[in-house]
Amino acid sequence: MKIEKIGKIFDPRKYKLINNCHEFSQSPQTVVFDDFVRIYFSTREKDKNGKYLSHVTFVDMNKQFQVIEVAKKTVINLGKLGTFDEHGIFPINLLKEDNKILAYTTGWTRRVSVSVDAGIGHAVSYDNGLTFEKLGDGPILGASINEPFLVGDAFVKKYNDIYHMWYIHGTKWVTDNFSKNSERVYKIAHAVSNNGISWQKEGKNIIKDKLNIDECQALPSVIKINNIYHMFFCYRNATDFRGNNEKSYKIGYASSVDLVSWERDDTKFKLEIIDGEWDSGMQCYPHVFEMDDVFYLLYNGDNFGRFGFGLLKLKF
């Protein structure tokens, strides 16, 4: 794989964002239109208690990735009191289908004994992605007997009339000398559906660990090229990852020919890192997409995307 590094293309600090949000443009994900690309991301506001709420918004760019405008109104509402997405939606994944756009959301809610829990929600847009209507107040995929918490990061594609979802689920909470609070461990899994709403989980972790058994794997993104499925994701250590660049998020890579078995080989994705640059300490939340027969990868850099996202051009 050949990688051309375009650089950072969006800095949220330069724009007035909806819902009193500032900074943060996490998990950029695209919908490609005829003459522009809409890039959705999650940004943040502080509530009356000084805690963050994550909101979905978007930036429209021309096909040279120059900003046209940012969203002027709320894209999707946060959940009602006590629901799974009361305190935030991050990330959102989009799938164009006929005259509508399907959205698969990760809803967050705060907990007491641990920091958060999450589930996967569903919404639909009938106005080309300006706004979305939720299917209901609850998640379409959430905790189950073998995946008891933190189900999220859905990425959905449709192949041969079957919907495929790659997602993450929590396996345990851990503590060590670096962490004041418990930290989560999560892995990538797979589910299928005939209608995009009711899902059958495969029931296993599909990407091998590289670091250790407590490796955290997040935000899978898949594209099919010449009968090979390519997956990009990010991974990190479970603890000491916020201030230690060696243990923070990096981008991983795996491939499959059958959507069942995945071969991980991070060496095939060689991203040049320059000290002091916006992504020198962290590379996270990748999103691969095709536009006009060219393949691109969006991703966040340092501070979990606090100051923007960048772009790569890929040749396979």
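User: Who faces His 169 in strand 12?
Analyst: The bridge partner of His 169 there is Lys 187. Strands here are DSSP runs of E, at least two residues long, and helices are runs of H or I, at least four long, numbered from the N terminus. The model is predicted: local features need pLDDT of at least 70 and side-chain atom pairs 80 or more, while totals for chains, interfaces and linings use all residues. Residues count from 1 along each chain as its sequence is written, and side-chain values use heavy atoms, without hydrogens and water.

User: How many bridges join strand 11 and strand 12?
Analyst: Eleven, and the two strands run antiparallel. Strands count as paired if DSSP finds at least two bridges between them.

User: What holds strands together in a sheet, in general?
Analyst: Backbone hydrogen bonds, in parallel or antiparallel pairing.

User: Back to this one. How many bridges between strand 12 and strand 13?
Analyst: Two, again antiparallel. Val 192 has Gln 200 of strand 13 as its bridge partner. Six residues lie between the strands of this hairpin, and Gly 196 takes a positive phi near 80°.

User: And how many join strand 10 to strand 11?
Analyst: Six bridges, with strand 11 spanning residues 162-174. Lys 158 stands opposite Tyr 163 of strand 11.

User: How many residues of strand 12 are buried?
Analyst: Ten of the eleven, so strand 12 is largely enclosed by the rest of the structure. Buried means under 20% relative accessible area, exposed means over 50%, and partly exposed is in between (1.4 Å probe, protein chains only).

User: Gly 152 next. Which strand is that in?
Analyst: Gly 152 sits in strand 10. Gly 152 is buried, at a relative accessible area of 2%.

User: What does Gly 152 touch?
Analyst: Leaving out residues up to four places away in sequence, Gly 152 touches Thr 106, Ile 120, Tyr 167 and Ile 168. Contact means heavy atoms within 4.5 Å.

User: New topic. How many aromatic pairs are there?
Analyst: The whole structure has 24. One of them is Tyr 159 with Tyr 229, edge-to-face, at 5.2 Å centre to centre and 75° between the planes. Rings of Phe, Tyr and Trp (its six-membered ring) pair if their centres lie within 6.5 Å; planes under 30 degrees apart are stacked, over 60 edge-to-face, the rest tilted.

User: Which parts does that pair tie together?
Analyst: Tyr 159 is in strand 10 and Tyr 229 in strand 15 (residues 228-236), so the pair links parts 70 residues apart in sequence. Tyr 159 is buried at 13%. Tyr 229 is buried at 7%.

User: What about Phe 232 and Tyr 253?
Analyst: Their ring centres are 5.4 Å apart and their planes meet at 55°, so that pair is tilted. Phe 232 lies in strand 15 and Tyr 253 in strand 16 (residues 250-256), so parts 21 residues apart in sequence are tied together. Phe 232 and Tyr 253 are both buried.

User: Which rings link into a cluster?
Analyst: Phe 90, Phe 241, Tyr 249, Tyr 285 and Phe 304, through ring pairs.

User: Now pockets. What is the volume of the largest one?
Analyst: About 1,300 Å³. On a 1 Å grid over the protein atoms alone, a pocket is an open set of points where a 1.4 Å probe fits, with protein on both sides within 12 Å along at least five of seven lines; lining residues have an atom within 4 Å of a point. Points join across faces, edges and corners, and the volume is the space filled by probe spheres set on them.

User: What lines the largest pocket?
Analyst: It has 50 lining residues, with Arg 44, Ser 115, Val 116, Arg 184 and Arg 242 nearest the centre. Strand 7 gives the largest share, four residues. The lining holds 19 nonpolar, 18 polar and 13 charged residues. Nonpolar means Ala, Val, Leu, Ile, Met, Phe, Trp, Tyr, Cys and Pro; charged means Asp, Glu, Lys and Arg; the others, Gly among them, are polar.

User: And how much space is in the second largest pocket?
Analyst: About 350 Å³. Its lining has 15 residues, and Thr 30, Val 32, Lys 157, Phe 289 and Glu 290 lie nearest the centre. Strand 2 (26-32), strand 6, strand 10 and strand 18 (284-291) each give two or more of the lining residues.
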